[in-house]
Amino acid sequence: MTGRHVAVVGAGPAGLAAAETALSAGARVTLIDSADQPGGQYHRMLPEAYRAVRPERPQHGWRDFDRRRRRVLAHPRCAWWPETSVWALERPDPEEPGVPRVHLLRGPADGGGRRRLTLAPDALVLAVGAHDRVLPFPGWELPGVFAAGAAQALAKGERVVVGDRVVIAGSGPFLLPVAASLLEAGSRVLEVLEAGTAATVARGWSRRPWQLAAHAAKSGELAEYAALLIRHRVPYRVGRTVVEARGDGRIEEVVTARLRPDWSVVPGSERTSPVDALCVAHGFSPRLELPVAAGCALRRTPGGEFVAVDYDQRTSCPGVYAAGEITGIAGAPAARAEGALAGWFAGGGDSAAPALRPLRRGRDRGRAFAERLAEAHPMGEAWPQWLRPETIICRCEEADYASVCRAVGNEASAGARVAKLETRAGLGPCQARVCGPTVAELGARLTGRPAQRHAEGAPTAGPHRRPIAQPIRLGELAEPEPSPEDPTAGPHPL
Amino acid sequence: MYGTRVVVLGAGIVGCACARELALAGLEVTVVDRGAAASATTAHGEGNVLVSDKGPGPELELAQLSRRLWPQVLTAVAERLAHAARAVEWEPKGGIVVATTDAGARELTRFAAGQRTAGVHTEVLDADALADAEPYVTREHTAALHYPEDAQVQPAAAAAALLADALAAGAVLRTDCEVLAAVTRGGRITGVRTSSGLLEADWFVNAAGPWSGELSTRLGAPVDIRPRRGDVLVTTPLPPTVFHKVYDADYVGAVGSSAGDLQTSAVVESTRGGSVLVGSSRRRVGFDDRLRPEVLSAIAVKALRLFPTLAGVPVMRAYGGFRPYVPDHLPIIGADPRLTGLWHVGGHEGAGIGLSVGSARLLRELMLDQPTAMDPAPFRVDRPAVLGGGAGTVVEEAV
Amino acid sequence: MSPRRVHAESDAVGRRDRPLRITVDGEPVDGIAGQTIAGVLLAADRLAWRRQRSGAPRGVFCGIGVCFECLVTVGDERDVRACQRRARDGDAVTTQTREPRTGHAPKPSPRRNSDASAGEGK
């Protein structure tokens with residue numbers, strides 16, 4: 001036993017692997033997830049109340065996951081805290097660098113009577129994952145337009161299909177498992193549209209997306225999905241996307257169009273088809289509010305910002321490790337390898353342990369995959385051409401493209417924060433989680449100045465800054481702050 | 001004054017208001033900011049335009065001047081830039097101060113009597129009138145006063161509107177431009193060295209808000225303006241629940257206090273977006289930008305005492321800002337006694353949004369030797385509280 | 001067609017459903033134990049239940065608790081993410097709107113005394 005206490009936030013592939021290796025290193029672990037079951041988005045489990053006989057059916061890699069899940073959750077040094085969300089990370093005194101204190105709310109999602117808890121761990125592993133990045137287009141706010149991840153979560157987690165004439169559109173290999181989930185649940189998928197053109201996708205991947213030999217697990221999985229599409233006669237079209245959704249109060253039809261490599265529309269290529277649901281994802285947005293709150297440095301890539309980590313998954317913040325999609329979008333196998341490394345070092349494990357070598361190899365392969373992915377599915381520069389002045393950019397506050405252009409185009413209000421306060425884009429309940437990257441990108445393009453320089457002492461700006469990481473009710477906030485918990489307390493459901 | 005060049009250092013609301021006054025007076029104005037305009041303190045406040053929290057004295061007089069000016073200024077801006085003026089969201093919604101203890105009631109009554117002699121409109125609300133004005137406020141109150149003159153603006157948009165008007169009048173904005181040092185000749189400032197080169201002018205206005213202390217030290221003429229942090233909670237959008245700016249009677253005491261420790265008092269109001277802003281706190285922690293859950297908790301406790309029905313309302317955001325604070329709690333408006341050509345405007349602490357237009361007016365009148373709208377002497381720079389601290393005050397302030 | 005739940009009899013995972021009933025704005029809606037409130041609503045052919053300031057209808061978008069578009073009131077708790085909250089039998093769900101209330105004048109200012117004459121800025 002190293003006697004160290006490691007808090008792991010997120011129980012998806014990365015977090016679960018981190019918990020496992022931190023335990024093997026001898027640490028005590030508190031594993032925290034907002035869901036009531038482990039697995040994250042990738043291994044989203046059916047609710048126990050479904051009493052499913054074959055719960056593994058919609059799952060990929062279930063057997064390994066199930067074994068790991070049982071091993072970790074039943075471990076005597078592991079406290080599993082489901083339905084627990086981190087609402088704030090409190091950085092220690094700037095004079096004495098240390099691990100942030102973790103402020104938690106435990107109880108049913110958004111429930112009013114949740115319990116406030118705090119943890120003061122020796123190390124923190126952030127493995128909070130990513131969500132769909134969806135670019136705006138006219139009509140994307142209509143009911144029946146879903147982020148692709150929603151359709152998958154509903155099919156896998158609840159056995160609800162979003163429709164029976166479904167178009168899946170966007171960019172990246174993630175569109176395939178979404179199609180697979182819908183098909184498995186008996187829905188009809190009309191077509192899968194990859195915005196990247198054939199040439200771009202082929203340049204990034206060797207020849208076909210499912211033939212990336214160096215990344216056996218992931219490419220095997222993709223090959224299965226591709227075979228499934230063929231079996232169900234679902235066309236997979238490249239260089240085409242949905243540029244508009246139409247309908248009266250809900251989606252009724254989509255306008256698709258052929259795209260050039262920069263994602264500008266080929267004139268005259270528009271086609272209208274009736275649908276009852278549209279699933280869209282143009283990539284992923286890592287969930288960066290907790291790393292930013294902890295003070296972790298980010299790195300900027302062509303595919304967006306991610307947490308910067310070193311060879312051992314350490315962030316710039318002492319005692320804080322990051323693993324999985326927040327360090328780069330590379331899929332579950334890479335997330336597991338990163339998680340395993342992060343957990344081992346967070347738990348005080350020996351850096352000369354022989355088991356690290358295959359993990360590092362797996363992680364490095366995962367990073368290569370991530371680069372490949374970014375190259376094969378870059379976001380085309382010209383996507384704002386899909387927008388009209390009245391197209392909604394911020395779904396919460398219904399700020400449209402014209403108002404965003406007006407604010408950032410005006411010298412006096414071009415500062416990101418001012419533009420935000422003036423248009424209200426990003427000020428609504430989602431707190432810029434959905435529109436933040438889009439508004440930042442539009443702002444940079446329209447003003448010609450990239451991200452804002454941070455003046456020392458000035459409050460940090462940026463689309464990922466959400467010091468209140470999850471909503472907390474005023475009544476909950478008014479409760480006296482609890483003293484840090486005994487890290488091993490907590491029920492063991494298994 | 002045509003041809004006189006002025007550089008305004010800082011594009012927060014005070015700098016923007018000064019730039020507008022001076023540009024409209026025909027001066028050649030350049031506004032510089034090390035970041036973007038209106039992005040620091042200005043964008044992290046509540047947008048108060050208050051008379052209710054000030055007792056008789058020069059600051060109240062400045063508040064009353066500013067309160068008279070705001071509608072005029074916005075009308076003038078609207079004639080040139082209708083959209084920018086609309087975005088300011090000027091709302092003369094009025095303030096209501098509620099005491100919840102007997103001692104608080106006595107103090108509030110006494111305070112208001114003094115304000116009335118100074119010309120502040122106040123109106124005692126009995127229980128029914130309060131319930132009518134604010135149906136969700138606590139029934140456990142001992143006194144309530146209505147201040148119809150209190151108003152609110154959207155502070156970043158207000159600064160942007162003042163700046164846009166200045167730019168329309170010929171001012172020039174330079175962002176991402178950090179001032180490094182002064183260039184002086186014979187006791188006179190003739191230029192500033194910046195991260196993007198030398199800027200020469202006849203006059204320089206230090207309007208750097210809580211960074212004024214540091215900036216003035218770089219210029220070799222330090223004034224003692226320190227940061228004091230305030231935090232505000234923002235709820236999810238609600239149906240109309242709070243109709244005025246409602247605060248507890250403790251707020252007045254906290255505003256006037258110098259204590260470095262955490263002080264909180266309830267200030268609750270709605271925004272046009274439907275969110276409720278819940279403040280406020282005051283802490284002297286240097287420029288420490290970290291979130292402190294216990295501060296947010298303390299704010300929540302006080303707010304619920306005023307509005308118990310808000311207990312179930314989610315807080316979706318919290319923001320903190322650094323307010324420029326002078327040890328004697330009075331703004332600084334005037335010429336530097338040590339370095340000719342240097343002027344200071346600042347130290348308004350949490351009232352800078354409201355006081356910006358009056359302060360800018362006074363500065364312009366002083367600079368151009370015009371008759372002043374009020375006696376500017378209490379705000380002069382050469383008072384002990386301002387010059388006593390000396391260089392390095394900002395560093396010493398870190399707790 | 002609309003969203004629907006996979007029929008239990010034909011579902012490959014072999015469910016053994018237990019029914020539950022919630023009310024939505026007073027109307028009973030049937031679901032099964034384990035579903036989220038969003039899942040119950042979607043499977044009951046309700047695609048949208050919240051209104052934006054413009055009056056535009058909204059329902060589930062991200063499905064994983066990020067976009068806050070599916071907010072409902074459960075009992076007396078407002079702003080509950082329907083896609084994250086498991087439905088419980090008997091939950092009284094109320095839909096939410098951000099539309100400005102029609103037919104309700106904004107609260108009057110308590111201006112009664114004649115000396116209270118500010119607000120010239122309008």
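Biologist: What is the accessible surface of chain C, and what share belongs to carbon and sulfur atoms?

Modeller: The accessible surface of chain C is about 5700 Å², and carbon and sulfur atoms hold 47% of that. Keep in mind that this is a predicted model. As for cover, buried residues make up 53% of the 122 residues in chain C.

Biologist: How many helices and strands does chain C have, and in what order do the elements run?

Modeller: Chain C has 1 helix and 8 strands. Reading from the N terminus, the pattern is β-β-β-α-β-β-β-β-β.

Biologist: Let's move to sheets. How do strands of a sheet pair?

Modeller: Through backbone hydrogen bonds, either parallel or antiparallel. Chain B has an open sheet of 6 strands with mixed pairing, in the order β8-β2-β1-β12-β19-β18. Its edge strands are β8 (172–174) and β18 (332–335) of chain B, each pairing on one side only. From one strand to the next, the twist averages 20°.

Biologist: Which helix packs on that sheet, and which strands does it touch?

Modeller: That's helix α1 (residues 13–24) of chain B, which touches β1 (5–9), β2 (28–32), β12 and β19 of chain B. The direction of α1 makes about 170° with that of β2(B).

Biologist: Parallel or antiparallel: how do β12 and β19 of chain B pair?

Modeller: Strand β12 (residues 203–206) and strand β19 (residues 342–346) of chain B are parallel, with 3 bridges. To find your place there, look for B:Phe204, which stands opposite B:Leu342 in β19(B).

Biologist: And what about β10 and β11 of chain B: in which sense do they run?

Modeller: Antiparallel: 4 bridges join β10 (residues 188–194) to β11 (residues 197–200) in chain B. The two are linked as a hairpin through 2 residues. One pair to pick out is B:Val192 with its bridge partner in β11(B), B:Leu199.

Biologist: On to helices. Which residues of a helix point the same way?

Modeller: Those three or four places apart, because an α-helix has 3.6 residues a turn.

Biologist: What caps the N-terminal end of α6(B), and what comes just after the helix?

Modeller: B:Gln154 is the cap: one of its side-chain oxygens lies 3.2 Å from the backbone nitrogen of B:Ala156. Just past α6(B), B:Gly170 has a positive phi of about 110°.

Biologist: Which residues other than glycine have a positive phi here?

Modeller: Among them are A:Ala432, with phi near 75°, and C:Phe68, with phi near 60°. A:Ala432 sits in the loop between α11 (416–423) and α12 (436–447) of chain A. C:Phe68 belongs to the loop between β5 (57–59) and β6 (71–74) of chain C.

Biologist: Buried or exposed: what are A:Ala432 and C:Phe68?

Modeller: A:Ala432 is buried, because its relative accessible area is 8% and the cut-off is under 20%. C:Phe68 also counts as buried, at 5%.

Biologist: Last one: where is the cis peptide bond in chain B?

Modeller: Look between B:Gly279 and B:Ser280, where omega is about 0°. B:Ser280 has its place in strand β16 (residues 276–282) of chain B.

How values were computed
Residues are numbered from 1 along each chain as its sequence is written. Chains are lettered from A and ligands numbered from 1 in the order in which they are written. This is a predicted model: local features need pLDDT of at least 70, side-chain atom pairs count only at pLDDT 80 or more; totals for chains, interfaces and linings use all residues. Side-chain values use heavy atoms; hydrogens and water are left out. Two strands pair if DSSP finds at least two bridges between them. Axes are lines fitted to C-alpha atoms, for helices over the stretch in contact, and angles run from 0 to 180 degrees between N-to-C directions. Contact means heavy atoms within 4.5 Å. A polar contact is a pair of N or O atoms within 3.5 Å; within protein, one must be able to donate a hydrogen and the other to accept it, and residues adjacent in sequence count only if both atoms are side-chain atoms. Buried means under 20% relative accessible area, exposed over 50%, partly exposed in between (1.4 Å probe, protein chains only). Accessible areas come from the Shrake-Rupley method with a 1.4 Å probe; for residues, only the protein chains shown count as cover.
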